[in-house]
Number of protein chains: 2
Amino acid sequence: MSKVRNVFITGANRGIGLNLVKQMTSVLKPEKIFATYRDPSKSQELLELAAGNSAIHPIQLDIRTLANIDNIVKTVDEVTNSTGLNLLINNAGVSSKYARLNATKKEHLMENLEVNTVAPILLTKAFIALLEKASASSSSPPGIGKAVVVNMSSILGSISLTDNGGMYAYKCSKSALNMATKIMSLDFSKSKIIAVAIHPGWVKTAMGGDRAPLTPLQSVQGIVKLLESLNESNNGQFIQYDGEQLKW
Amino acid sequence: MSKVRNVFITGANRGIGLNLVKQMTSVLKPEKIFATYRDPSKSQELLELAAGNSAIHPIQLDIRTLANIDNIVKTVDEVTNSTGLNLLINNAGVSSKYARLNATKKEHLMENLEVNTVAPILLTKAFIALLEKASASSSSPPGIGKAVVVNMSSILGSISLTDNGGMYAYKCSKSALNMATKIMSLDFSKSKIIAVAIHPGWVKTAMGGDRAPLTPLQSVQGIVKLLESLNESNNGQFIQYDGEQLKW
């Protein structure tokens, strides 16, 4: 099992993001986890966690604007002593409420596409040089010992598996993110960087609601195991938290 | 073969859109074709065609804003004597130039998503009542004798078939449009309205370029034959101009 040195994860203040930070800290034990949040008043637990653990670097970032992203990349490069970035997890996302076509609004469509599709592409673009650096400088096989981009997707973004209507904004944004993942896997293969889309399962979070069958812990335990096992054969795949591959 | 009475098609001033208007006029002979264009100075041929054929109603429309769309829907309803809309073809689209990740810009991503994904969803929303009216009032089997929504997609939006990198904006927007098509097919099935995504082939147009193997005529001859043959089994499918079904 390869060791992961440096991780960057967005939307780390709650739900799956926060639980991933905890689980990675205790299992993968990276040297540095850069964990972004938008609103400090809603990020108490992450900020307390970081205060007690020098591996965790909280970073305030609104992924819609990516303001100041060049300085953030520079900070990551400095804090990691230019060892590069091994794992970028595009986790932050939004979900408009369920809506039939008649209730579908332009602002919701655009917001979901901007946050769930466009922001992960642009953040990956911002970090590609650090990902390439980590990959090139490691003798590990492809995987989190080199460099991996995880786009947190959803089974609701699977066109093949869609079997009910409505929810245009969220579903379309995740299908588009899946396409971006596939393109990245092809763009990055010569650099031995892996790109995967992960479905975390239906999880009891603010987004998933109370009826969800999985606890955040069950989901992130699966995801972290999956991250550890990633290899070249997974490049460009759509995989759920328990390792099962999903159709596009 | 069912007869199609009323058609609405966007981006009808050039390329596949203009050729579809010509081919439908000569083969399907609908009573009314509403054909939209954005810039009159680039729509000479469509406007001349319409001047010589009373079935063709040119309509100026920018699908990004859909300004005045409620009045346009009202006009369609009046001109068709409230017989409803049998065929909505979301054909207008844009394509950012080919770009690797490093050259991918936010404005191109957002523009492609707005024009190629969001506009077709919102235009379909605007016309759903007229589509339902046409479907409910026709005794034909599901197909263009009742009501059909065609989203003009591209094989470049097939995640499964993507085998080279770059071009994030266009490819992601077409994958998202494919998802929207699948959702529409489920939303509309109770109204017996069919939704399909069509890949027109790689066609010699301003968008497709000179190296494309197909002429516009070859493409639209195939598409019109395909439209005539559409039935309930095609609902929610991704089909290319020659009838071959594509994977998502």
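# Reading loops, helices and a pair of chains

Biologist: Let's start in chain A. Where is the place of Leu66(A)?

Modeller: Leu66(A) is in the loop between strand 3 (56-60) and helix 3 (69-79) of chain A. Keep in mind that we're looking at a predicted model.

Biologist: Okay, and what is the phi of Leu66(A)?

Modeller: Leu66(A) isn't a glycine, and yet its phi is positive, about 50 degrees. Asn81(A) is another non-glycine with a positive phi of about 50 degrees. You'll find Asn81(A) in the loop between helix 3 and strand 4 (87-90) of chain A.

Biologist: Is Asn81(A) buried or exposed?

Modeller: The idea is to count other C-beta atoms within 10 Å: 20 or more is buried, 12 or fewer is exposed, and in between is partly exposed. Asn81(A) has 10 of them, so it is exposed. Leu66(A) has 17, so it counts as partly exposed.

Biologist: Let me try that in chain B. How many C-beta neighbours does Thr124(B) have inside 10 Å?

Modeller: Thr124(B) has 24, so it counts as buried. Thr124(B) belongs to helix 4 of chain B. Setting aside residues up to four places away in sequence, Thr124(B) touches Leu88(B), Asn90(B), Val149(B) and Met184(B), plus Leu101(A) from the other chain.

Biologist: And which residues is Thr25(B) in contact with?

Modeller: If we skip its neighbours within four places in sequence, Thr25(B) meets Ile33(B), Asn53(B), Ala55(B) and Ile56(B). Thr25(B) sits in helix 1 (residues 15-27) of chain B. With 17 other C-beta atoms within 10 Å, Thr25(B) is partly exposed.

Biologist: Now helix pairs. At what angle do helix 4 and helix 5 of chain B pack?

Modeller: To read a pair, take the angle between the two axes; under 35 degrees counts as roughly parallel. Here the angle is about 20 degrees, and the axes are 8 Å apart. Helix 4 and helix 5 of chain B are therefore roughly parallel to each other. Their crossing is right-handed. On the helix 4 side of chain B, the contact residues include His108(B), Asn112(B), Asn116(B), Pro120(B) and Thr124(B). Helix 5 of chain B brings, among others, Tyr168(B), Ser173(B), Ala176(B), Ala180(B) and Met184(B). By class, this contact has eleven nonpolar residues, six polar and one charged.

Biologist: What about helix 3 of chain B: how does it cross helix 4 of chain B?

Modeller: The axes of helix 3 (residues 69-79) and helix 4 of chain B come within 10 Å and cross at roughly 20 degrees. That makes these two helices roughly parallel. Helix 3 of chain B also passes helix 4 of chain B in a right-handed crossing. From helix 3 of chain B come Ile69(B), Val73(B), Val76(B) and Asp77(B), and they meet Ala126(B), Phe127(B) and Leu130(B) of helix 4 of chain B. Sorted by class, those residues are six nonpolar, no polar and one charged.

Biologist: Last one: what rotation superposes chain B on chain A?

Modeller: In general, two copies of a chain are related by a rotation about an axis and a shift along it. Here the rotation is 180 degrees, the shift is 0.0 Å and the RMSD is 0.0 Å. That is the relation of a two-fold axis. The same surface serves both copies, as 95% of the contact residues of chain B recur in chain A. Among the residues of chain B, Ala176(B) comes closest to the rotation axis, at 2.5 Å (C-alpha).

Methods. Residues numbered from 1 in each chain as written. Chains lettered and ligands numbered in written order. Predicted model: local features only at pLDDT ≥ 70, side-chain atom pairs only at ≥ 80, totals over all residues. Helix = DSSP H or I, 4+ residues; strand = E, 2+ residues; numbered from the N terminus. Contact = placed C-beta atoms within 7 Å. Axes fitted to C-alpha atoms, helices over the stretch in contact; angles between N-to-C directions. Parallel < 35°, antiparallel > 145°, perpendicular 65-115°, else oblique. Left-handed = near helix turned anticlockwise from the far one by under 90°. Nonpolar A, V, L, I, M, F, W, Y, C, P; charged D, E, K, R; others polar. Least-squares fit on C-alpha atoms with pLDDT ≥ 70 in both.
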